Amino acid sequence: MQNLPTIAIDWANVNWLYVTVMAIFVFFSAIIGTLLSFKHVFYGAVLSALLFATAFVFWNYYPHGLPLPTLMTAQQQVPATVRAHAKSPVYVVIAIQKITDPEAYKPLPEKGKAAAEAAGGHYIIRTGNITGLDGVAPERLALIEFDSIEKAQAWYNSPTQKDADTIRAKSTDSLAFIVEGLGK
């Protein structure tokens, strides 16, 4: 029991009207099921479950046109910010194996940062403090987070980033690639 994962519930995004409608269905299903079973507990429970299932399916899947929420509208009302966070983030990794021309490299960090920020990206890691474990560690590493692969591609194809890439290609032995991450 100690190793069970905790489930975080965002109470602010719960559709309370939908929950209330479902609770009312359960309440009336239980009352009707109990009355129809002549106070036999097992039969009352079975009838209540069947009545609730019928009401639930009818309410959620039959086009009744009432202004109260259904399962469909409850799912549609999740705010866009919540849906966006559910998507996996996208990262651009830039590994500079070696700086071959330190003078030509000097403007690259600021040009790269400006290009990433202009495209909606933000740096997670930007460092030269790297401890190798296996193989040869790069001299510098940058990890830039974007909201989507489309935004990362747009950043990479932007004129501002093309200027930074020209400097990087002339002054370093490096590589860059896009990685899709895990949801937060």
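Guide: One definition comes before the tour: a salt bridge is a side-chain nitrogen of Lys or Arg within 4 Å of a carboxyl oxygen of Asp or Glu. The model is predicted, so local features need pLDDT of at least 70 and side-chain atom pairs count only at pLDDT 80 or more, while totals for chains, interfaces and linings use all residues. Residues are numbered from 1 along each chain as its sequence is written, and side-chain values use heavy atoms, with hydrogens and water left out.

Visitor: How far apart are the closest N and O atoms of the salt bridge between D165 and R168?
Guide: D165 and R168 are separated by about one helical turn, because they lie 3 residues apart in helix α8. Buried means under 20% relative accessible area, exposed over 50%, and partly exposed in between (1.4 Å probe, protein chains only). D165 has a relative accessible area of 12% and is buried, and R168 is buried at 11%. The closest N and O atoms of their salt bridge are apart by 3.1 Å.

Visitor: Which residues does Q161 contact, leaving aside its neighbours within four places in sequence?
Guide: Q161 is also found in helix α8, and it is buried, with a relative accessible area of 2%. Contact means heavy atoms within 4.5 Å. Leaving aside neighbours within four places in sequence, the contacts of Q161 are G112, A115, W155 and Y156.

Visitor: In what order do the elements of the protein chain run from the N terminus?
Guide: Helices (H or I, at least four residues) and strands (E, at least two) are DSSP runs, numbered from the N terminus. The protein chain has 8 helices and 4 strands. From the N terminus on, the order is α-α-α-α-β-α-α-β-β-α-α-β.

Visitor: What is the order of the strands in the open sheet?
Guide: Two strands pair if DSSP finds at least two bridges between them. β2 (residues 122-127) and β3 are antiparallel over 5 bridges, β1 (residues 90-99) and β3 are antiparallel over 7 bridges, and β1 and β4 are antiparallel over 9 bridges. The open sheet of 4 strands therefore reads β2-β3-β1-β4.

Visitor: Which strands stand at the edges of that sheet?
Guide: An edge strand here has a single partner strand, so one of its sides is left without a neighbour in the sheet. The strands at the edges are β2 and β4 (172-180).

Visitor: Is strand β3 largely enclosed or open, and how many of its residues are buried?
Guide: Strand β3 covers residues 140-146. Among its residues, I144 stands opposite V92 and E145 stands opposite H122. Strand β3 is largely enclosed by the rest of the structure, because the number of its 7 residues that are buried is 5.

Visitor: Which strands does helix α8 touch where it packs on the sheet?
Guide: Helix α8 spans residues 159-171, and its direction makes about 130° with that of β4. Such angles run from 0 to 180 degrees between N-to-C directions, with axes as lines fitted to C-alpha atoms, for helices over the stretch in contact. The strands that helix α8 touches are β1 and β4.

Visitor: Which residue meets E110 in a salt bridge?
Guide: E110 is exposed, with a relative accessible area of 53%. Its partner is partly exposed at 31% relative accessibility, and the N to O distance is 3.6 Å. The pair links helix α6 to strand β2, 16 residues apart. The residue that meets E110 is R126.

Visitor: About what area does the nonpolar surface patch cover?
Guide: Patches are made of residues with over 30% relative accessible area and no salt bridge; like charges are joined within 9 Å, and nonpolar side chains (Val, Leu, Ile, Met, Phe, Trp, Tyr) within 5 Å. One of the patch residues is I32, which is found in helix α1 (residues 16-36) and is partly exposed at 40%. Accessible areas come from the Shrake-Rupley method with a 1.4 Å probe, and for residues only the protein chains shown count as cover. The patch, made by I24, F27, F28, I31, I32, L35 and L36, covers about 680 Å².
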